[in-house]
Amino acid sequence: MFTDRQPRSFLDPAVLARLAAVPLLARRPMVGTVSGRHASPHRGSSVEFAEYRKYVPGDDLRRLDWRAFGRSDRHYVKEYEADTNLRLYLVLDTSGSMEFSSGGVSKIEYARRISGALGYLASQQGDAVGISCVADGIVRTLPPRRSPAHLRLVFDVLEEAKPAGPTRLPEVLHEIAETTRQRAVVAIVSDLFCEPEALATAFSHLRFRRHDVAAFHLLDPQELAFQFQRPTRFLDMEGGGAIFADPVDITDRYHAALEAYLDSLRRVVLESAVDYHRVVTDQPYEQVLARFLVGRAAGRGLR
Amino acid sequence: MTFLQPWMLVALPLVALPLIIHLINQRRFQTVRWAAMQFLLAAKALSRGYSRLRHWLIMALRMLAVAAVILAVGRPLSRGWLALAGGGRPDSAIVILDRSPSMQAVAAAGGESKLDTGRRQLAESLATLRAGRVLVVSDPAKGPEEVASPEAIVELATAGPVAAAADLPALLQSGYDFIRENAAGTTEIWICSDQRANDWKPDDGAWAGIRDALAKLPQQVRIQLLSYAAPAKGNVAIRASNVRLESLGRDRRLVVTVAVSRQADGERATIPVKFEIGGVSTAVNVDLTGREAVLKNHVIPLEPSAAARGWGRVSIPADADTADNEFFFAYDAPPPRRSLIVAEDPAAGRVLELVAAIAPDKAASPVDLVPPGGLAAAAWDQAAVLFWQGPLPEGRDAELVQAFLDRGGQAVFFAPDRPTATEFVGCAWGEWTAPPKPATAESWRTDQDLLANTLAGSALPLGDVEIRRSCGLSGDLVPLASLPAGTPLVARASRSEGVTFVATTPAPRDSSFAAEGVVLYALVQRSIDRGLAVLGGARQADAGPAASEIAKACGDWTRLAGPAAAPSTESGLHAGVFSCGDRLVAVNRPAAEDAALAVADDRIDGLFRGLSFQRITGTAGDTDSLVQEIWRAFLIAMLLALAAEGLLSLPRAAAADRAAKTSRPLEAAA
């Protein structure tokens with residue numbers, strides 16, 4: 001059900017319709033408020049058998065397994081898995097560097113598309129959706145809600161997000177980990193231009209709080225290739241100083257530094273069990289999201 | 001470096017083109033708003049050593065390529081090892097050729113001689129340099145000779161080998177005179193020589209004058225020495241001396257002393273020495289162990305019917321230098337050993353008469369005692385030597401004595417009782433001094449001249465002769481023997497080789513020359529021998545100015561033996577036997593040519609100090625050209641520079657590949 005009446009530039013109904021075929025699942029049990037399609041850490045009333053438990057006084061007599069009593073002459077209560085809804089917490093990086101574009105889609109626009117689609121998909125399956133725009137702090141935040149009206153607010157936030165200021169993503173993630181008490185799927189959409197070691201502690205913190213962390217690492221093709229023909233004065237989009245460099249002189253060392261960063265980040269996400277996706281902004285976002293959703297559907301059943 | 005088109009070098013500032021382009025490129029930078037600053041900062045912090053080095057290396061190679069192209073277009077010339085020497089196309093090139101016998105040495109059997117190699121290399125080099133005028137100086141007497149083209153140097157008849165020593169100072173002076181008189185523009189003087197000391201005469205006072213004169217010339221003069229100083233390996237020289245005809249009854253025989261020498265010690269060698277006299281050859285082996293072997297007084301019997309006058313040749317097999325493998329000699333019945341004695345002191349005159357009258361070989365030795373005032377009537381044309389004890393001649397007497405000296409006669413002057421201020425041949429007697437104790441000669445020349453060692457090698461006992469009083473001497477003198485204070489006892493006049501002074505008399509009150517008769521006897525008889533050398537019907541002469549003078553004085557100078565290719569204009573410079581009227585003259589290379597004494601390089605540098613001078617070392621038979629165009633080398637250098645630049649630039653492409661690889665999705669890593 002599409003509840004938003006306003007046309008949003010970052011939403012493509014055709015893409016959303018195709019992506020809706022694959023459910024958005026959490027990799028960890030979620031604690032929701034209503035029944036949903038996600039695994040819960042608690043026992044409930046689904047049709048999926050979980051375990052036998054000894055009867056204790058006070059248990060509902062209707063849940064006694066009389067066949068087991070007949071076989072063993074002991075009272076057992078039959079328990080079933082519970083299904084619940086999840087909270088999708090979108091963390092959108094709105095630092096100045098997200099505005100970068102080498103000609104195609106800017107990173108912030110790409111982030112809007114991913115975040116919007118994820119929010120829509122979650123909302124469609126009855127999950128709560130919240131969002132935080134972060135830069136050198138939490139710029140704007142909406143807590144997760146299930147209502148379609150709330151989704152419209154989320155879209156408004158996405159639409160109004162303006163990249164500005166420096167990145168303090170690790171500190172912001174720590175803050176989110178501290179303030180989000182209930183388990184949630186935390187989807188970070190950012191260029192992750194910060195120290196991998198600092199990110200490692202932030203990811204660990206989120207994991208400690210039993211959040212399912214997913215990261216969409218956005219990179220522009222030019223940031224990877226660094227192909228310049230002329231001497232260039234590089235202006236920092238996050239307000240830092242300028243650097244003058246001759247590409248002939250610096251390209252090799254830029255690539256060396258980039259590779260070292262990516263290697264380090266790869267190690268960090270492996271150690272932190274982050275659902276990491278490196279995304280080059282010239283890739284179709286539908287493909288990125290499809291891979292993300294399919295990957296999670298394959299891991300269903302983990303509790 | 002020399003260039004055929006030096007004006008092209010004005011484009012050399014274009015070498016800076018890559019640098020200028022680089023600087024312009026730096027100035028037209030673009031400004032980009034950039035997100036991934038952390039990698040740029042990290043890249044800046046990384047070591048820049050290799051990257052910077054490569055960057056500048058690429059720049060240097062581009063500049064090198066541009067420079068190589070410009071230099072190649074300028075048509076550079078290589079000048080052997082001196083390729084970096086400055087210079088351009090000369091207006092005139094003066095070639096000074098050392099044609100002495102030592103320049104005929106070859107490096108390998110059948111190879112090209114030093115002189116031929118030098119002439120060929122010079123012809124090639126000057127043709128390449130395209131010199132305006134080419135002049136050859138091979139004889140200081142004739143001066144520079146212009147040739148139509150550089151190639152003509154090889155064929156020039158007057159540039160061929162001679163037996164005379166080269167007189168480098170005189171040759172250079174001749175070249176200088178040409179430059180000064182013809183106001184030639186940029187001039188190159190090419191000297192082709194083997195640096196032998198007897199040709200260069202480094203102690204000659206003329207060098208300083210030539211050097212100063214060349215330095216003061218307004219035009220640019222460059223001097224290039226093409227040096228072939230390496231000695232000829234295994235070269236052996238032969239020389240004959242003391243050739244005399246002896247008659248024993250009806251039998252005649254020729255007595256010759258032959259010396260075989262080499263320039264360095266070597267293994268024992270047996271040298272076959274061949275004599276050719278009147279078409280008859282005889283041979284004898286000489287064992288050479290050290291540097292020299294002497295065959296003393298070798299007797300060659302002559303046919304009874306043979307003429308008393310004749311000539312011959314002594315030779316050894318050809319070796320590294322064929323110019324010193326033969327020696328010509330002429331002989332004749334010895335003329336009377338006539339001496340003239342003019343003595344104011346009868347005691348001294350008596351001693352001289354006794355000593356002069358006893359010939360070593362019992363030959364006739366008439367002695368004419370000439371009274372003062374009777375000089376005009378003396379038999380000057382038959383006398384070999386004049387012994388004079390008295391005041392130096394003056395007036396008419398001096399003219400007579402001078403004429404006698406000019407025709408080759410010898411004169412020995414003993415100190416007069418009362419010295420006068422009269423000068424003769426630039427010398428004059430001083431005052432008598434009588435030391436308290438009789439003095440003896442402290443040193444004397446034992447290697448040559450009148451007081452040389454005997455043929456047996458022992459020194460004359462001059463140290464035993466007591467000098468009770470001596471007379472001072474002044475003027476241009478070469479001392480042959482000196483007293484303790486350095487006072488000359490026996491001296492030769494510098495201006496006239498035939499004049500010897502003895503600063504005392506043989507009278508017993510002045511010296512013990514009479515009592516110790518050996519020294520006086522040797523001095524007197526050697527003087528007579530010297531005088532006889534020009535008197536007889538056969539004489540020996542060193543090739544060079546002396547022989548040229550004889551040839552010039554002689555109306556009919558006909559070659560009897562020797563190299564046939566010698567041009568008639570170079571009479572006296574070639575070895576051989578020549579007839580001069582009814583006399584025979586054997587001309588040979590000077591004795592100093594047989595010595596391999598080369599002037600050291602730094603000494604030669606000193607001779608040309610202050611001038612633009614370069615030395616190019618060559619070897620006989622060297623087929624390389626001294627000067628050649630080397631633009632191909634520069635083009636190759638340019639290609640190499642561009643290839644190296646391309647190789648150094650390649651890593652950029654590799655980095656792009658790596659960047660493309662990195663841009664692929666890597667989410668699988670998670």
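Student: In helix α12 (residues 545-553) of chain B, which residues are buried?

Tutor: Keep in mind that this is a predicted model. In α12 of chain B, the buried residues are B:A547, B:S548, B:I550 and B:A551.

Student: How do I read a pattern like that? Why would buried positions be spaced this way along a helix?

Tutor: Start with the general idea: an α-helix has 3.6 residues a turn, so residues three or four places apart point the same way. Now the case here: looking down the axis of α12(B), you find the buried residues within an arc of 160 degrees, so they line one face of the helix.

Student: And which residues are exposed on the other side of α12(B)?

Tutor: There you'll see B:E549, B:K552 and B:A553, which are exposed.

Student: What do the buried residues of α12(B) pack against?

Tutor: Strands of chain B: β27 (538-542), β28 (557-561), β29 (576-580) and β30 (583-588).

Student: Let's move to the two chains. How many residues of chain A are in contact with chain B?

Tutor: For an interface, count each side, then ask which elements supply it. Here 45 residues of chain A contact 35 residues of chain B. On chain A's side, the elements giving two or more residues are α7 (221-225), β8 (232-236), β9 (242-245), α8 (247-272) and β10 (275-280). The most comes from α8(A), with 16 residues. Sorted by class, chain A's side has 25 nonpolar, 8 polar and 12 charged residues.

Student: Which strand of chain B is joined to β8(A), and do they run parallel or antiparallel?

Tutor: That's β2 (residues 30-34) of chain B; 5 bridges join the two strands, and they run parallel. To find your place, look at A:L235, whose bridge partner in β2(B) is B:R33.

Conventions:
Residues are numbered from 1 along each chain as its sequence is written. Chains are lettered from A and ligands numbered from 1 in the order in which they are written. This is a predicted model: local features need pLDDT of at least 70, side-chain atom pairs count only at pLDDT 80 or more; totals for chains, interfaces and linings use all residues. Two residues are in contact if their C-beta atoms, placed from the backbone, lie within 7 Å. Helices (H or I, at least four residues) and strands (E, at least two) are DSSP runs, numbered from the N terminus. Ala, Val, Leu, Ile, Met, Phe, Trp, Tyr, Cys and Pro count as nonpolar, Asp, Glu, Lys and Arg as charged, and the others, Gly among them, as polar. Two strands pair if DSSP finds at least two bridges between them. A residue is buried if 20 or more other C-beta atoms lie within 10 Å of its own, exposed if 12 or fewer, and partly exposed in between; C-beta atoms are placed from the backbone. The arc is that of the directions from the helix axis to the C-beta atoms.
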